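These are my notebook entries on one chain. I set down what I looked up, entry by entry.

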Amino acid sequence: MPTKIFLQSTRLSSFKSSLFVEDVGEVKRKYEVTYNPTDWKYVERILPLSVVPEPKKKDNYTSGWKRQADNLQNRPYFIERTKNHMIPVYLKISQRGIRRETIVKKIQGDIWLLEKELRTFWSPKHQKL
């Protein structure tokens with residue numbers, strides 16, 4: 001009668017259950033805590049920024065992006081920029097891609113005047129058939 005060999009594949013469930021990991025006990029290494037700002041400037045360079053920095057003022061940007069105007073008083077409406085200095089305009093696609101809506105957020109002031117101006121701007125370009 002031939003001998004049957006069963007191969008059992010084992011799945012290691014965690015890193016510690018690996019065959020190559022050994023407990024080496026407590027590792028004692030000498031380290032020094034520093035509060036010197038000259039030492040920390042190298043660490044702070046690689047840390048992510050907590051806020052988006054203000055963009056540099058230029059006449060025109062290569063991407064076509066435009067800064068928000070400085071004189072915003074006495075305007076009938078105002079659209080506040082996002083924290084990334086972008087205009088909050090979003091495209092919502094629904095009904096399996098058939099219905100498309102453009103959504104403008106963070107509007108302050110006369111929203112009906114903004115709607116009227118947007119319709120007069122877009123209607124010659126995008127007429128419904």
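The entries below go from the whole chain to single residues.

**Entry 1: the model**

I noted that this is a predicted model, in which local features need pLDDT of at least 70 and side-chain atom pairs count only at pLDDT 80 or more, while totals for chains, interfaces and linings use all residues. Residues are numbered from 1 along each chain as its sequence is written, and side-chain values use heavy atoms, with hydrogens and water left out.

**Entry 2: the elements**

I looked up the secondary structure and found two helices and four strands. Helices (H or I, at least four residues) and strands (E, at least two) are DSSP runs, numbered from the N terminus. Read from the N terminus, the order of the elements is α-β-β-β-β-α.

**Entry 3: surface and contacts**

How many of the residues count as buried? I found 6% of the 129 residues in the chain. Buried means under 20% relative accessible area, exposed means over 50%, and partly exposed lies in between (1.4 Å probe, protein chains only).

I then turned to contacts, which are heavy atoms within 4.5 Å. Of the contacts between residues at least 6 apart in sequence, 36% join residues at least 24 apart.

**Entry 4: the largest pocket**

I looked up the largest pocket and found about 1100 Å³ of space in it. A pocket is an open set of points on a 1 Å grid over the protein atoms alone, where a 1.4 Å probe fits, with protein on both sides within 12 Å along at least five of seven lines; lining residues have an atom within 4 Å of a point. Grid points are joined across faces, edges and corners, and the volume is the space filled by probe spheres set on the points.

The lining has 29 residues, and Val104, Leu114, Leu118, Arg119 and Trp122 lie nearest the centre of the pocket. Strand 1 (77-79), strand 3 (99-104) and helix 2 (111-122) are the elements that give two or more residues to this lining. Which element gives the most? Helix 2 does, with nine residues.

I sorted the lining by class and found 17 nonpolar, four polar and eight charged residues. Ala, Val, Leu, Ile, Met, Phe, Trp, Tyr, Cys and Pro count as nonpolar, Asp, Glu, Lys and Arg as charged, and the others, Gly among them, as polar.

**Entry 5: aromatic pairs**

I found two aromatic pairs in the structure. Rings of Phe, Tyr and Trp (its six-membered ring) pair if their centres lie within 6.5 Å; planes over 60 degrees apart count as edge-to-face.

The ring centres of Tyr61 and Trp65 are 5.1 Å apart and the planes stand at 70°, so this pair is edge-to-face. Tyr61 and Trp65 are both buried.

The rings of Phe121 and Trp122 have centres 5.4 Å apart and planes at 85°, so this pair is edge-to-face. Phe121 is partly exposed at 45% relative accessibility, and Trp122 is partly exposed at 42%.

I located Thr82 in the loop between strand 1 and strand 2 (89-94). Is Thr82 buried or exposed? Thr82 counts as buried, because its relative accessibility is 19%. Apart from neighbours within four places in sequence, Thr82 is in contact with Pro88, Tyr90 and Lys106.

Leu91 lies in strand 2 and is exposed, with 53% relative accessible area.

**Entry 6: positive phi**

I noted that phi of Asn74 is near 60°, a positive value in a residue other than glycine. Asn74 sits in the loop between helix 1 (37-46) and strand 1, and it is exposed at 82% relative accessible area.

For Arg96, phi is also near 60°. Arg96 belongs to the loop between strand 2 and strand 3 and is exposed, at 87%.

Notes: Phe/Tyr/Trp six-rings, centres within 6.5 Å; stacked < 30°, edge-to-face > 60°.
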